[in-house]
Amino acid sequence: MNTTTWSPVKSERKAMAVPAAISYVGVFLVLGGVMLWLLSNGFVSEQILKMWSKVLTVVDAPETRIEHIGLMYPHLPIYLLFLIHAFPGLNAAAAVPLLSVLGGATLLVLWSHHLRIKRWPFRTRTVLMILMLVNPLFLWAVTGAGLGLSLLFFYWLCFSLVRLILLQDARAVFLLSSVLAFYFFADSRVIFITFSILPLIPFVAPRRMLAESPMSVFVVILLPVFFSVITWMYLGWIFQKDPLAFIHDPLSSFLGAFFNQGDSRWLLKFGGTLFIPMVVGSLLTVVMAPVLPYLSLSVRHNRLFRRGLLAVAGIPALALGFGTFFYFPAHPVDFLFLVPAAVMAMLFAIPRHRGVNRTVILLLAVGDIVTGALLYFGQTHDIHAWGEALAGEQTNRYLHEYDQLLGRWLDRHREPTLIDDRVGYAAIVARGDAKGLVVPYMTEYKNALKSRVPGISQVVVSSPVHPYSSVDSVRQRFAHAYKQGFPGYRLAYENPFWRVYRIETTK
């Protein structure tokens, strides 16, 4: 394959710049409009609240170090949110979805740019972008789950995989390994995505390199992500005295739904198994994206393209299988939201020949929307609430009622307050900032838990009925505090999920 297909000349790049900027603004406005519509109807996902709570606690900390940011989840979204936080007037309901919308808009415009390089007509590219914008899989990932950045990285991963298959050179191998390494810092799912790529390497790596040294290909591809994991473990050892802290903490994003598997019908049925989830994932992928089988058939006489398309299409299903084996996904949707990015990479990869009927592709893309909606809506609580908000119904998914009440009370009573932010994240978001809060990464917090009495002006303790009460370090350390309080403290606030004790005398 001629490498110019992948890299346009400078004059073409200049000609592409203005239309790309206009497309970006248009796509951003559409996705941003959907985001605002959802917010106006009360929908914000749990993950968005947790992420914004972490941003608030770090931004308002007296000092900031790496352990303040946390080692329980990838850092890249947090770093980018620090930049967004600087814009006035943003809150949890807008900041995190805004980052996802930026990622989704970047993905669509980048994809359109790649299709233009392959000489796809402007009208076809525009229609494809519109169809992808209204695809339930894509729309949920970007505006509902806050996963626009993950979709962007996965597209780059598929792009690099296809490039490796078509160009068969060392640079393509290095590109794939680099994408995997950076992806690790953007989404915890990359661990299972990496597992899914391993069995594909013999089919996609350059034959010459495999013949000379099969292990060298695996080493080159896996070494950067291996160093990413080792770096993470080293930081855990330095700051938390446990190199495996990121898989020991019940609320770590690297564990997914592992500690909440009792709430997942998927894990109760298939958790710990590998083959059946892969088969189910493959069937759902074909049903949700009927354009995939057509694309594979259209290049059946081209061995390289066929191999590449099948590899790209299979990654979400393989990742679902590996993830389910380790009890990660609460529902297949936790991995199958990647299918749209795989479809986009496949549409870019197909060769320019008459065997591919673009009208059929457009019709099948419409079918993707219909089948995606039938299989997708109502499958989880978040998706159901997102669908209701999209239809214009009020969902009240912004904050938990009792967390919101606690947050408002803490906003009115701003004494130094001991609280575990892993449990009280929604209350911190409702409070609006973390100024004066003493949270687990602070030395003051650790000292308070070592003492017989905390010594902080206010102490927040979760109720036994709180969903995350079992990981509340305050409640773990002071087992009887919820009912009995602390010596020298009085009960200052109470609701079914929380109690706040306030010190009576200060020295």
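Which residues does D420 touch, not counting residues up to four places away in sequence? I looked that up before anything else. D420 touches P440, Y445, V471, D472 and S473, where contact means heavy atoms within 4.5 Å.

**Ground rules**

I am working on a predicted model, in which local features need pLDDT of at least 70, side-chain atom pairs count only at pLDDT 80 or more, and totals for chains, interfaces and linings use all residues. Residues are numbered from 1 along each chain as its sequence is written, and side-chain values use heavy atoms, with hydrogens and water left out.

**Entry: D420**

I placed D420 in the loop between β1 and α23 (425-431). Helices (H or I, at least four residues) and strands (E, at least two) are DSSP runs, numbered from the N terminus. D420 is buried, at a relative accessible area of 2%. My scale: buried is under 20% relative accessible area, exposed over 50%, partly exposed in between (1.4 Å probe, protein chains only). I then checked the side chain of D420 and found one of its polar atoms 2.9 Å from the backbone nitrogen of S473.

**Entry: the sheet**

I traced an open sheet of five strands, in the order β2-β1-β3-β5-β4, with mixed pairing. Two strands pair if DSSP finds at least two bridges between them. The edge strands, each pairing on one side only, are β2 (437-438) and β4 (489-495).

I went through the pairings next. β1 and β3 run parallel and are joined by two bridges. T417 has Q458 of β3 as its bridge partner. β3 and β5 run antiparallel, with five bridges. Here Q458 has R502 of β5 as its partner. Six bridges join β4 to β5 (residues 498-503), again antiparallel. Y489 stands opposite I503 in β5.

How many residues of β3 are buried? Five of the five are, so β3 is largely enclosed by the rest of the structure.

Helix α22 (residues 401-412) lies across β1 (417-418), β3 (458-462), β4 and β5. α22 runs at about 135° to β4 (axes are lines fitted to C-alpha atoms, for helices over the stretch in contact; angles run from 0 to 180 degrees between N-to-C directions).

**Entry: rings**

I counted 26 aromatic pairs. Rings of Phe, Tyr and Trp (its six-membered ring) pair if their centres lie within 6.5 Å; planes under 30 degrees apart are stacked, over 60 edge-to-face, the rest tilted.

F184 and W232 are edge-to-face, 5.6 Å centre to centre, with 90° between the planes. They sit 48 residues apart, F184 in the loop between α9 (170-183) and α10 (190-197), W232 in helix α13 (residues 214-240). F184 is buried at 1%, and W232 is buried at 2%.

F195 and F326 are tilted, at 6.2 Å and 35°. They are 131 residues apart. F195 is partly exposed at 30%; F326 is partly exposed at 42%.

I found R499 over the face of Y482, 4.5 Å from the ring centre. K118 lies over the face of F348, at 5.1 Å. The test needs NZ of Lys or CZ of Arg within 6 Å of the ring centre and within 35 degrees of the ring normal.

F348 is among the buried residues of α19. Eleven of the eleven residues of α19 (residues 339-349) are buried, so the helix is largely enclosed by the rest of the structure.

How values were computed: A polar contact is a pair of N or O atoms within 3.5 Å; within protein, one must be able to donate a hydrogen and the other to accept it, and residues adjacent in sequence count only if both atoms are side-chain atoms.
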